[in-house]
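Please keep the model open while you read.

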Amino acid sequence: MSVSLVLVIVMAVLYACGVYLMLERSMTKVLLGFLLVGNATNLLIITMAGKAGLAPIVSEGVAPEEMTDPLPEALILTAIVITFGVSAFLLALIYRSWRLGKEDSLGDDADDVAMRGGAVTMQGEDTDALPGDTEFEERPS
Amino acid sequence: MIFLLVAFGLGSLLVAALTRWLGTRVFLVAAIVPTASFAWALAQSPAVLGGRVVEESFSWIPQLGLTLDVRLDTLSWVMALVVSGVGALVMVYCVRYFGDDEPSLGRFAGVLLAFAGSMFGLVVADDVFLLFILWEATSVFSYLLIGHRTASKASRGAALQALLVTTFGGLVMLVGLVILSVNAGTTSLSAIIGGADAAQPATVVAVFLVLVGALSKSAVFPFHFWLPAAMAAPTPVSAYLHAAAMVKAGVYLIARLAPGFADVPGWRESLVVLGVATMLLGGWTALKQNDLKLVLAYGTVSQLGFLTVVMGFGTRDAALAGLALLLAHALYKSTLFLVVGIIDHRTGTRDLRRLSGLGREMPVVSTVTALALASMVGLPPLLGFVAKEAVLTSLLDGALELGAIGWVALGGVVLGSVLTVAYAGRFFWGAFWSKAGVDPVRREREHPDFLVSPVLLAASGLALGLLAPLVDGWLGGYAAEFGEVEHPYHLALWHGLEPALGLSALTIALGAVVFAARARLAVTQDALSLRFSAAEGYGLTMRSIDRLAARTTSLTQRGSLPFYLGVVFLVFGGAVTAALVLNRSWPSEVRLWDYPGQLAIGAFMVVAAVAAVRATKRFQAVVLVGITGFGMSALFALQGAPDLALTQILVEVVTLIAFVLVLRRLPARLGEKHGSTHRLVRAAIGIGVGVLMAVVAVVSLGARNDLPISLEWPELAYEGAHGLNVVNVALVDLRGWDTMGELSVIIAAATGVASLIFISTRTDNLPRVPRKAARKDLRARLTADRDQQERTSWLLAGRTLAARNRSILLEVVVRLIFHALIVVSLYVLLVGHNAPGGGFAGGLVAGMALVARYLAGGRVELGAAAPIDAGKLLGAGLLLAAGTALTPLFFGVDALTSTWFTIELGPLGSLDFVTSTVFDIGVYLVVIGLVLDVLRSLGAEVDRQQEEEAGVSS
């Protein structure tokens, strides 16, 4: 099967812009990048359907070969709604981060930075200590 | 046997619950189950001794070939008697050992019984995987029992150590068991052993892997260190787990495998060498201990080494001797532990330097101890003596026959026995002797029935010794598995003056000498104290694992999202590039476009995307990204995907509104305070991914040679699902499970949104407008005198909004279109099966109607428009979808099978109803729930928080 060059180029630009935005530290930009990557991926899937055809609705005189492949369409339909759900979630995250810290940027995780600096040590259970030599409290005779 | 295992399981739950009422007497209830098991095993004696094997089988997980195969032969019979008998006696002992105020007594009782059950199952299991599961179960229960005193750090540490060592061994063993069962083509232990081919390399490897498990469980060098630390457990646990039951599991497994695998190269050598090392190390260390319980702990390590030597020796006589020794050890060692518990209970110490004069005061206890110790060192007429004679004779015969390794075994055992005699003497002296200058420590006298268990155990050691010829017959069945020999050895008290008797006398004499010289020995031992112990090795390993984990974490967890994403994209790029380099098929032709319109739309989208990257204002960027979305919708429409176009455009609008709702609280300017960093790197990664994906698209489409499976879908949709819209049919019928998954994702996302905003609850606390009253009020005002100053409202709760925020035009428009939108949404939902539309699109249209009400009338209006909780909508939707999916099962057809019927509507014609429409209604509800959650959280609740912050009440 052959590919429509225009679709591929649009998809590549969307991917490039999306990835660029996702690597930003501003949470809003990350979310926008996520949306662009989502659109690009939907384009990738629809490209896989091959040549544009008729809507996949059964009617007399239309052979299955003339329709656009319905499988990628079903996949994309699902993807669109999920992308919406996930972006709503990210939006809620952004709002919360703003409300708590007046911050729309992704700082480095303080615990991880502390660990890198060697300021954190792991605490294991002490197995060297043997128990005392009684299970009953001593009482004077 | 299986019903007994069930009884153990139920019993452990029951006793845990009963403890509240019964206190320590609950152990008497607990003892019923092992007592019954003991009685059951006794009842099987005629069958087992008659050479028959009692078998039961219950198919557990047939798909995995897992069966509950249990099997009672001589070895299992002996083990089952030991496990259940000692278990019952230990539980009886617990009644007096613990006080009613003991913390978490119920859990302890339940776990102890559960342990007894898994141990019982372990020794009768015939399926290797059942064996493994019970094996690990004993490890887990032992962890809980050793760590019974949760407040003590030493106790927790010891429990964890025992768990890690034994489960490590267990996992290694699992690998071995898998190899063995795959090789043999069966999971039956008896069949694997029966068909053993000791020469096969895979078998050799597998057997050694299994041995690692056995040795770690039985605390044989180099795994011996966990056992002394496990003495943090309450003493009854030590008496049961660390003398009679769990530590015997490894020895049992060695004994079980020996008839088939003793000829595996290296089997005898490694077991003898490790066993002798353990025996000597344990005995030597036991001599140094001042805590009576630790004397026993190291003594047990030593005896486990002894048992390993004998069981691993692999001759018929050694096997008989080993089983007798195992039985004797279980009896005397649990007696001794119980005695230590009594002494501790009475005096409040186990330090042999502080005990004095107990012997005269506790004549029964000291007699019982003397009997048990006599059995341990091998004095006639106790069972220990009988076993030791048999061991020495069989090893001597073996040495004459096998040479060096036999002599190592014999020499090691003799030397180890000398140490055993010495620490046995020290134990008795330490516990009961009157020592000069030591003030006796005393507490109240013990209740006589505290002594029942140790007396019975010690007495059985004596009785079985006297009945040696009978015991020989009982144990003979196991020895017979090694085949016939010319002059089989028989257990007896008197074999005449033979070399073994001489050796036995020698060990006792030498042991007495070592005991007499104990003061001088202590000085030597201090001088010789080892620089490095296995326990330190364990500690070192654990610390280095911790360090390695910390280092790995600090290396990979940079704490920066851009860094993580960058790594993800680079790895993704690298992997895909590698795959592309290997690609050989390229498409033969490339089209410029499907239709010229694509170029125009595409150009718009490219410009919008690039502009979005460069945008400096938040709304600007959002709208630009939105344009690419609308572009997608146009492309879909022209590509022959009307469903997608419809859904995409609706989603775009709702997304835009959600953005606006949140971004109104954020500053207008977009971007870092300090500007963007690493621009070039990010651009390079972005462009790289873009180009790569372009190539991927071209190559993967070029690689599509076969006809798409979806060519059959139109027919399937029409014939099977009675629908014309193939995409919709795919969603609700053909690929319905995928949609179910998607619905769960949406519900999770919607719940996530709600909980991020509402924090503590799932539902909002919107002031509910009583709809009936509001409607009446509205109607009254609409028809009332128009002269009043106050502007009227067209919406139910319109008046709750501040006047400056109200738009009468919007209110009127919403008033006019709301119901129409709902009707449209229902229409879109219902026609979706045959025309563009369906649950997703319909739900979004209904969502838009709610959006309109919210925008026009504010948060109270939203509450009035949708008086139902979003969570209930989501739940109801999922319930409908799942119900539609599962209902067909009740009619004996596959899940999600759809059916249809025609409803005659008289003059209105007829309506075809397809059951998958119900599924679509579920989708519809879930989507409305999602939109409602977004509105309630990001809209209404954010409004409320804003008002709260501003201190304004509307």
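This is a predicted model: local features need pLDDT of at least 70, side-chain atom pairs count only at pLDDT 80 or more; totals for chains, interfaces and linings use all residues.

1. A term comes first. Helices, at least four residues long, and strands, at least two, are DSSP runs numbered from the N terminus.

2. For chain B the mean pLDDT is 88. In that chain, 95% of the residues reach 70 or more.

3. Look next at how the chains meet. Chain B puts 135 residues into the contact, and chain A puts in 99 residues. On the side of chain B that touches chain A, helix H29 (residues 679-702) gives the most, with 14 residues. That side of chain B divides into 79 nonpolar, 34 polar and 22 charged residues.

4. Strand S1 (residues 3-4) of chain A pairs with strand S3 (residues 590-591) of chain B. The sense is parallel, and there are two bridges. Opposite A:Ser4 stands B:Arg591 of S3(B).

5. Within chain B, find the hairpin. Strand S1 (residues 54-61) and strand S2 (residues 66-72) of chain B run antiparallel, joined by seven bridges. B:Val54 has B:Leu72 as its bridge partner in S2(B). Four residues sit between the strands of this hairpin, and B:Gly65 takes a positive phi near 70°.

6. Now the helix packing. Two packed helices are described by the angle between their axes and the distance between the axes. Take helix H13 (residues 267-286) and helix H19 (residues 404-432) of chain B: their axes come within 9 Å and cross at roughly 20°. H13(B) and H19(B) are therefore roughly parallel to each other. The crossing of H13(B) past H19(B) is left-handed. From H13(B), the contact residues include B:Val272, B:Val276, B:Leu280 and B:Trp284. From H19(B), they include B:Val408, B:Gly412, B:Leu415 and B:Tyr423. What is the make-up of this contact between H13(B) and H19(B)? Its residues are 13 nonpolar, four polar and two charged.

7. Compare a second pair. Helix H32 (residues 736-758) and helix H36 (residues 870-890) of chain B pack at about 165°, with axes 11 Å apart. That angle makes H32(B) roughly antiparallel to H36(B). H32(B) passes H36(B) in a left-handed crossing. H32(B) contributes residues including B:Met740, B:Leu743 and B:Ile747. Among those from H36(B) are B:Leu874, B:Gly877 and B:Ala881. The contact of H32(B) with H36(B) has 11 nonpolar residues, two polar and no charged.

8. Last, check the backbone. Most residues other than glycine have a negative phi, and most peptide bonds are trans. Where does the cis bond at omega of about 5° join two prolines? It joins B:Pro380 and B:Pro381. B:Pro381 is in the loop between helix H17 (363-377) and helix H18 (383-402) of chain B. B:Ser104 has a positive phi, near 45°, and is a residue other than glycine. Look for B:Ser104 in the loop between helix H4 (74-97) and helix H5 (105-124) of chain B.

Methods
Residues are numbered from 1 along each chain as its sequence is written. Chains are lettered from A and ligands numbered from 1 in the order in which they are written. Axes are lines fitted to C-alpha atoms, for helices over the stretch in contact, and angles run from 0 to 180 degrees between N-to-C directions. Angles under 35 degrees count as roughly parallel, over 145 as roughly antiparallel, 65 to 115 as roughly perpendicular and the rest as oblique. A crossing is left-handed if the near helix is turned anticlockwise from the far one by less than a right angle, and right-handed if clockwise. Two residues are in contact if their C-beta atoms, placed from the backbone, lie within 7 Å. Ala, Val, Leu, Ile, Met, Phe, Trp, Tyr, Cys and Pro count as nonpolar, Asp, Glu, Lys and Arg as charged, and the others, Gly among them, as polar. pLDDT is the predictor's confidence in each residue, from 0 to 100. Two strands pair if DSSP finds at least two bridges between them.
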